[in-house]
Amino acid sequence: MPALPTATDTALFAALRTGESAALDELFRRHYVELCRVAIRLVTDGAAAEDIVQEMFTSLWTKRDKLPEETPAVSAYLRRSVRNRSLNFLRDRKRIPVDNGDIPENSTDTQYQPAAALEQEELQVRINRAIDRLPERCRLVFVMSKVEDMAHREIAEELGISVKTVENQMTRAYKFLREWLAPAILLIFAYFG
Amino acid sequence: MRLDHKDIDRLVSTYREDFTPDVEKGLRRLHGRITPVRQLRPHSRQTYLFGAAAAIALLVAFFFLFIGTGNQQLLVNHTGAPLAFDLPDGTRIVLQQGSEAGYNADEYNLETREVQLDGQAYFEVRPDADRPFLVANGDSELRVTGTAFNLRTEGNVMEVEVSEGSVTLEQAGERIAVAALECGLAEAGKPLRHAASPNLNHHAWRTGELKFDHTPISEVIGYFHDNWGIECTWAGAKECDYAVSGNYQGGDAGAVLEDIAKLGGLTLTATSTDGKHYELSGPCPL
């Protein structure tokens, strides 16, 4: 195997299958932060997100002899694994809602005025808060679609709802987010063009 | 100006991008979660001075118990022979038969490396000045940054014998440094004690070696107790006081004790069938 820092993810994965613990460490260093972000987008809790990713890497090590022999897209494999674990986490805690929930009535963030100068950091907070304020089913559908790039059919299967319901939730989410983010529109265009 | 779907899609792509957990802390935590049992150290040399234990080792297949209770990891040696475990930081613990060690997998190797011990073990601590290795027993605590030592805990007693480097033994605000070839003893309610230990006789349960050089017989009997739990009393409570010299390597602990008694002109009699209770009798050597 090439030196660890220059080895490809696929080579590291193959080394992991043979029990090379240094390969596990290198994969961890490369992917931990991004995988934690995948998890927190679904479970919304930082500590739980880290636990989920820790468990996934622990499982990678303890079940290394059962890993697929050829894994050309390691990053996608790890992301999918964390996503599945995150959804199982929500299911185990009965946090996947069975109804649509209500969109908050006062959807405008009163902390910010349209003319207020927002720093980029504040914009990030506003985006996080906007998505977090969506009703849980709506939030999950939207995040799975737009952040995790999952197909509507796939989302429907994971959440046990119809594709039509997924589409309805997407429409609700866009409507809410447009209203919520409107006060920051000048800054948004300044940063994102 | 109005946000369209494309604008919103671009915005939400940064959702939770500000969440940046500490990778190195996470990696240390992962090491703590991975089962630390790496190997059973084969003790193929004549390391079992205590013959009964060796016999059990032959009859019973090696069996070890690794129990996870929440985040508390418990290492137990229920085999008939010493058993080695590698902790997540690379520190090695060789547990004596019947001994237990525990640590918190979530916290171990973050700020410190904290281990609890019930029984006796030999430690080879991986050097790490930033994360001291700590073993606690009641009010006593052993603090190490990298060294090798034998540690025995029994009730409120903690006894350390250092073979490499040095350790700090603490109890109720008092502390002493214990260097290589020295022994330290912490006992609740008593001052810390410190003595030379050139022959490392507290390692005998693992190494199979006992060396005596004009060693008082009371101290010799103490080594049999500390290493193998052997209780040896004097007939009629009439204790002798004489010095023992000689080297012993391997073999049955009871047979070695009998040899020592014979060399002093004494008789050793087993007072139970468990191989752990004996009585010395006869005229005291001059």
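1. Let's start with strand E8 of chain B, residues 140–144, in this predicted model. One face of E8(B) is covered, and that is where B:Ser140, B:Leu142 and B:Val144 sit. B:Glu141 and B:Arg143 make up the uncovered face.

2. Now for the strands beside it. E7 of chain B (residues 133–137) pairs with E8(B) in the antiparallel sense, over five bridges. If you want a residue pair to look for on screen, take B:Phe133, whose bridge partner in E8(B) is B:Val144. B:Val144 also belongs to the covered face of E8(B).

3. How many residues lie between E7(B) and E8(B) in their hairpin? Two, and B:Gly138 in that turn has a positive phi of about 60 degrees.

4. E8(B) also pairs with E11 of chain B (residues 166–171): four bridges join these strands, and they run antiparallel. Here B:Arg143, from the uncovered face of E8(B), stands opposite B:Thr168 in E11(B).

5. Over to the helices, with one from each chain. H8 of chain A (residues 163–181) packs with H1 of chain B (residues 5–12) at an angle of about 80 degrees, and their axes are 11 Å apart. Angles from 65 to 115 degrees count as roughly perpendicular, so that is what H8(A) is to H1(B).

6. Which residues make this helix contact? From H8(A) come A:Tyr174, A:Leu177, A:Arg178 and A:Leu181, while H1(B) brings B:His5, B:Ile8 and B:Leu11. Sorted by class, the contact of H8(A) with H1(B) has five nonpolar residues, one polar and one charged.

Definitions and conventions
Residues are numbered from 1 along each chain as its sequence is written. Chains are lettered from A and ligands numbered from 1 in the order in which they are written. This is a predicted model: local features need pLDDT of at least 70, side-chain atom pairs count only at pLDDT 80 or more; totals for chains, interfaces and linings use all residues. A residue is buried if 20 or more other C-beta atoms lie within 10 Å of its own, exposed if 12 or fewer, and partly exposed in between; C-beta atoms are placed from the backbone. Two strands pair if DSSP finds at least two bridges between them. Axes are lines fitted to C-alpha atoms, for helices over the stretch in contact, and angles run from 0 to 180 degrees between N-to-C directions. Angles under 35 degrees count as roughly parallel, over 145 as roughly antiparallel, 65 to 115 as roughly perpendicular and the rest as oblique. Two residues are in contact if their C-beta atoms, placed from the backbone, lie within 7 Å. Ala, Val, Leu, Ile, Met, Phe, Trp, Tyr, Cys and Pro count as nonpolar, Asp, Glu, Lys and Arg as charged, and the others, Gly among them, as polar.
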